[in-house]
Amino acid sequence: METIRLNNGVEMPMEGFGVFQVTDETQCEQAVAEAIGAGYRLIDTASSYGNEEAVGRAIRQWNVSREEFFITTKAYIHQMGYEATKAAFFQSLEKLGLDYLDLYLIHMPFGDYYGSWRAMEELYREGKIRAIGVCNFLPDRLLDLCKNVTVTPQINQIERHPHYQREEELDLMRELGVQPQAWAPFAEGMKGMFTEPVFQEIAGKYGKTPAQVILRWNVQQGVIVIPKSVHPERMRENLGIWDFALDGEDMERIKALDLGCPSMLDTRKVSEVRRVYGYLEHPVLTSL
Ligand SMILES: NC(=O)c1ccc[n+]([C@@H]2O[C@H](COP(=O)([O-])OP(=O)(O)OC[C@H]3O[C@@H](n4cnc5c(N)ncnc54)[C@H](OP(=O)(O)O)[C@@H]3O)[C@@H](O)[C@H]2O)c1
């Protein structure tokens, strides 16, 4: 597994394990424990996933040193603002059973995220977080944030997969020194991602699976991936992307699959903003 050096010198794995929608405590603990056994060290959770305690328990099942792990969690929109983010950070840390975080992210570009960023900069300088970043920041908001903060975000975690390639946004992130990380690298399997003939053909050529080709396409462009699966065989399959490389022709074929619009989340749409705020009524959040 390759690592990448963030703009503050911290080394981060190029592939990790995501736990969105694994809300059942037992299932989450088991899945993360299996993922660690398979070789994942980067685990991506969020306060809004309601599974930080299960992630923490899974980590403690293994005799792996803390330094080997790269643990990420996120502050959701009701945790924005200086005071709320500080409180949210310590709550997440306690739930995970950790004394520092590797990466802490602002989950959505809504609310008083500048106040949150000041709190995160302080925690970062105090050594409680090794890297700080954002999620779902479109280029205008990302550039504005970078112009107004003293610590440039290390990460922007965005929806990215072959149907939504966001090349210009990646160019801006490279210019700003913000490392892109792809969430939903399979678009959660929507729009026939796994059965797309192009992926089947390319997979056959390398003796790989469509899932492996899709992940390889992202990492080969320097984008970190965090696929989610509750199936151990798929966890292992998704790790099998470090012994082959797609050639230029294959990369061009995948480039042609870009639909140019999100499959999962479009923060520019009023209906989507309403949906994101509506999630505050979800039992996972009301029980926080
Ligand atoms: N920052 C954000 O706003 C944000 C938003 C969404 C997600 N994320 C993060 O990104 C992670 C990944 O995104 P995601 O979970 O939404 O979607 P994803 O990783 O694109 O897709 C997960 C789906 O693909 C299936 N799958 C996984 N590996 C497979 C394989 N090898 N073959 C066939 N099917 C496979 C899984 O099924 P099974 O589980 O049944 O195997 C699951 O249904 C999340 O878990 C979360 O950590 C962040």
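1. Strands here are DSSP runs of E with at least two residues, and helices are runs of H or I with at least four, numbered from the N terminus; two strands pair if DSSP finds at least two bridges between them.

2. Ala182 is opposite Val225 of β10.

3. A word on the basis: this is a predicted model, in which local features need pLDDT of at least 70 and side-chain atom pairs pLDDT 80 or more, while totals for chains, interfaces and linings use all residues. Residues are numbered from 1 along each chain as its sequence is written, and side-chain values use heavy atoms, without hydrogens and water.

4. Now to the ligand, which has 27 residues around it, with Asp44, Gln157, Glu188, Ser229 and Arg234 coming nearest (near means a heavy atom within 4 Å). Helix α9 (residues 232-239) gives the largest share of this shell, 3 residues.

5. Do look at the polar contacts (N or O pairs within 3.5 Å). The side chain of Gln157 has an N or O atom 2.7 Å from a ligand nitrogen. Ligand oxygen atoms lie 2.8 Å from a polar side-chain atom of Lys228 and 2.9 Å from one of His231. The protein buries 89% of the 900 Å² that the ligand exposes when taken alone (Shrake-Rupley areas, 1.4 Å probe).

Definitions and conventions: Polar contact = N/O pair within 3.5 Å; in protein donor to acceptor, adjacent residues only side chain to side chain.
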